[in-house]
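Let's take a friendly walk through this model, strand by strand. Please have the sequence and the 3D view at hand.

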Amino acid sequence: MPSLLCSATILALVSSALAQNSQLLATKTRFGTLTLDDRDELTFNGRPLEPPIRVNSGMDLGTPFHMGEADVVLVIDYGGTACPVQYYFVKATKSEAKATPAFGTCDEETSVQRSGDSIQVTMHGYRGPFEPDADRRKAARETHVFVYRDGAVTERGQKR
């Protein structure tokens, strides 16, 4: 009987933690809600995004930027070994939500700034833990600026 009680207690604690986690992984836009589903896929009003965004081990959803007839949300996906951080923008409108392809250097962003009808994400370069130390130090000194405008992400004018 004590092991049954212990199992029930553990199950209740895990269920509570999972429920709290899923509540944290949602953000409301003017047109609906972005949420992480039980398959670790980002959805908009319960429907998968196109293209889909599947979470590695953790995700942050930013506060929506109101840009004309759309809301734009920065999505940060954590958890890869070779690339620990990937970024996406999701553009939500009355009729749909669309994600950009993943972008970034695999480093955590240093700043996110809106400028008129664009959003800039600035971060350092990145080389993984298996790369030579000199390459990692050099990459960390590089600055990369990714610009979101009209549903697309560019770096130095080149589409990502």
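How many of the eight residues of strand S8 (residues 85-92) are buried? Six of the eight are, which leaves the strand mostly covered. Do keep in mind as you read on that this is a predicted model.

S8 has a partner in strand S7 (residues 70-78): the two pair in the antiparallel sense, over eight bridges. Within this pairing, Asp77 stands opposite Gln86 of S8. S7 and S8 make up a hairpin with six residues between them, and Gly79 in the turn has a positive phi of about 130 degrees.

S8 also runs antiparallel to strand S9 (residues 97-99), and three bridges join the two. Here Lys91 faces Lys98 of S9.

## Aromatic rings around Phe103

The count of aromatic pairs in the model comes to four. In one of them, Tyr87 and Phe103 sit 5.8 Å apart, centre to centre, with 35 degrees between the planes, and the pair is tilted. Distant parts of the chain are linked by this pair, as Tyr87 belongs to strand S8 and Phe103 to the loop between S9 and S10, 16 residues apart. Both Tyr87 and Phe103 are buried.

Phe103 pairs with Phe89 as well: this pair is stacked, at 5.4 Å centre to centre and 10 degrees between the planes. It too links distant parts of the chain, with Phe89 in strand S8 and Phe103 in the loop between S9 and S10, 14 residues apart. Phe89 is buried, like Phe103. Taken together, ring pairs link Tyr87, Phe89, Phe103, Phe146 and Tyr148 into a cluster.

Is Asp77 buried or exposed? With a relative accessible area of 1%, Asp77 is buried, because the cut-off for that label is under 20%.

What does the side chain of Asp77 reach? It comes to 3.0 Å from the backbone nitrogen of Asn56. Leaving out residues up to four places away in sequence, Asp77 touches Arg54, Val55, Asn56, Ser57, Gly58, Pro84, Val85, Gln86 and Tyr88. Asp77 and Met59 are 18 residues apart along the chain, yet 4.6 Å separates their C-alpha atoms.

In soluble globular proteins, nonpolar side chains tend to be buried together. The largest nonpolar core of this model has 18 residues, and those with the most contacts inside it are Leu34, Leu42, Leu49, Ile53, Met59, Val75 and Val90. Two or more residues come from each of S2, S3, strand S5 (58-61), S7, S8 and S9. S8 gives the most, with three residues.

Met59 shows how such contacts span the chain: not counting residues up to four places away in sequence, Met59 touches Leu25, Leu42, Ile53, Val75, Ile76 and Tyr78. Apart from this core lies another, of 15 residues, among them Phe65, Val85, Phe103 and Val153.

## The sheet from S1 to S4

Four strands form an open sheet with antiparallel pairing, in the order S1-S2-S3-S4. At its edges are strand S1 (26-28) and strand S4 (47-48), each pairing on one side only. Strand S2 (residues 33-36) pairs with S3 over three antiparallel bridges, and Leu34 stands opposite Phe44 of S3.

Thr43 lies in strand S3 (residues 42-44). Its relative accessibility is 5%, so Thr43 counts as buried. Leaving aside neighbours within four places in sequence, Thr43 is in contact with Thr33, Leu34, Thr35, Asp37 and Pro48.

## The sheet from S10 to S14

Which strands make up the open sheet of five? Their order is S10-S11-S12-S13-S14, and the pairing is antiparallel. Strand S10 (109-115) and strand S14 (158-159) stand at the edges with a single partner strand each, so one side of each is left without a neighbour in the sheet.

Further in, strand S11 (residues 118-124) and strand S12 (residues 143-149) run antiparallel and are joined by seven bridges. One of the facing pairs is Ile119 with its bridge partner Tyr148 in S12. Tyr148 also belongs to the ring cluster that includes Phe103.

Technical notes:
Residues are numbered from 1 along each chain as its sequence is written. This is a predicted model: local features need pLDDT of at least 70, side-chain atom pairs count only at pLDDT 80 or more; totals for chains, interfaces and linings use all residues. Side-chain values use heavy atoms; hydrogens and water are left out. Buried means under 20% relative accessible area, exposed over 50%, partly exposed in between (1.4 Å probe, protein chains only). Contact means heavy atoms within 4.5 Å. Two strands pair if DSSP finds at least two bridges between them. Rings of Phe, Tyr and Trp (its six-membered ring) pair if their centres lie within 6.5 Å; planes under 30 degrees apart count as stacked, over 60 as edge-to-face and the rest as tilted. A polar contact is a pair of N or O atoms within 3.5 Å; within protein, one must be able to donate a hydrogen and the other to accept it, and residues adjacent in sequence count only if both atoms are side-chain atoms. A nonpolar core is a set of buried Ala, Val, Leu, Ile, Met, Phe, Trp, Tyr and Cys residues joined through side-chain atoms within 4.5 Å.
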